[in-house]
Amino acid sequence: MRISVTLVQYEHGILRQALDVLDETVRNNSEDHMDDVKELISFLHEFVDRFHHAKEEQLFYPVIVKEFPRFQEEVDGIYAEHQHAREQFQLVERALEEGDWDSMASAASELVHHMTSHVQKEEDGIFPVVDDELSLPLDEQLNQAYQVFTSEFGDDYYQRAEMFANDIQDRLLGPGFFNHGIY
Ligand SMILES: [Fe+2]
Ligand SMILES: [Fe+2]
């Protein structure tokens, strides 16, 4: 086990939960929840793009490509998928600004689909290898860099993100909607 992998997987848990809530909400066509959906999208845009993907691109993957050059092509594909997610967030936000629920719902469900398969690809492909083979000193170096990066998002960022995901889930879907474990 490597902490550098465990932490990004933990982030996947939070973003999966928030994406599941978005997916259920747009499927149920809950147009009267527009304000909550705006809040959810704004959380996801920060947590997925500015936090998680930025951390992977600035810290995690540069070390991985250097240590495991065989992953170069796969990492190039991962970066292209991050870019695609950025473009999808813009489409969702534009539709929200225009108050166009149907366009928002279709862009949001594409975003959910894209991100779900992206996260699965990372967890099935690169992560298990890194979890087995990354040297402990490099793992510790990454962990320290993560701490500096995460502190820029304010105190208790993980705790606040988890609380937000639980709260928006209760607001949009009702308490106890997902009776399976999220992580
Ligand atoms: Fe990623
Ligand atoms: Fe990721």
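Colleague: Where is the place of Asp156?
Modeller: Look in a loop for Asp156. Bear in mind that this is a predicted model: local features need pLDDT of at least 70, side-chain atom pairs count only at pLDDT 80 or more, and totals for chains, interfaces and linings use all residues. Residues are numbered from 1 along each chain as its sequence is written, while chains are lettered from A and ligands numbered from 1 in the order in which they are written. Taking helices as DSSP runs numbered from the N terminus (H or I, at least four residues; strands are E, at least two), Asp156 lies between H6 and helix H7 (157-173).

Colleague: And what is the phi of Asp156 near?
Modeller: Most residues other than glycine have a negative phi. Asp156 isn't a glycine, yet its phi is positive, near 55°.

Colleague: Is Asp156 buried or exposed?
Modeller: The test counts other C-beta atoms, placed from the backbone, within 10 Å of a residue's own: 20 or more is buried, 12 or fewer is exposed, and in between is partly exposed. Asp156 has 10 of them, so it's exposed.

Colleague: How many helices are in the protein chain?
Modeller: Reading along the sequence gives α-α-α-α-α-α-α. There are 0 strands, and the helices number 7.

Colleague: What radius of gyration does the protein chain have?
Modeller: The C-alpha trace spans about 50 × 30 × 30 Å along its principal axes. The globule rule is 2.2 Å times the number of residues to the power 0.38, with the radius taken over C-alpha atoms. For 183 residues a compact globule would come out near 16 Å, and the protein chain agrees with that at 17 Å.

Colleague: How do H1 and H4 run, roughly parallel or roughly antiparallel?
Modeller: Helix H1 (residues 3-27) packs on helix H4 (residues 101-124) at about 155°, axes 10 Å apart. Those axes are lines fitted to C-alpha atoms over the stretch in contact, and angles run from 0 to 180 degrees between N-to-C directions. Under 35 degrees is roughly parallel, over 145 roughly antiparallel, 65 to 115 roughly perpendicular and the rest oblique. That makes H1 and H4 roughly antiparallel.

Colleague: Which residues of H6 does H2 meet?
Modeller: Helix H2 (residues 34-67) packs on helix H6 (residues 136-151) at about 165°, with axes 10 Å apart, and the two are therefore roughly antiparallel. Contact here needs C-beta atoms, placed from the backbone, within 7 Å. From H2 come Lys55, Leu59, Phe60, Val63 and Glu67, and they meet Leu138, Leu142, Ala145, Tyr146 and Phe149.

Colleague: How many nonpolar residues does the contact of H2 with H6 have?
Modeller: Ala, Val, Leu, Ile, Met, Phe, Trp, Tyr, Cys and Pro count as nonpolar, Asp, Glu, Lys and Arg as charged, and the others, Gly among them, as polar. The contact of H2 with H6 has 2 charged residues, no polar ones, and its nonpolar count is 8.

Colleague: What separates the C-alpha atoms of Leu91 and Ala107?
Modeller: Leu91 belongs to helix H3 (residues 72-97), and it is partly exposed with 16 other C-beta atoms within 10 Å. Along the chain Leu91 and Ala107 are 16 residues apart, but their C-alpha atoms are separated by 6.5 Å.

Colleague: And what separates the C-alpha atoms of Asp132 and Arg2?
Modeller: Asp132 is in helix H5 (residues 126-133) and counts as exposed, with 10 C-beta neighbours inside 10 Å. Arg2 is 130 residues away along the chain, yet the C-alpha separation is 7.6 Å.

Terms used:
Two residues are in contact if their C-beta atoms, placed from the backbone, lie within 7 Å.
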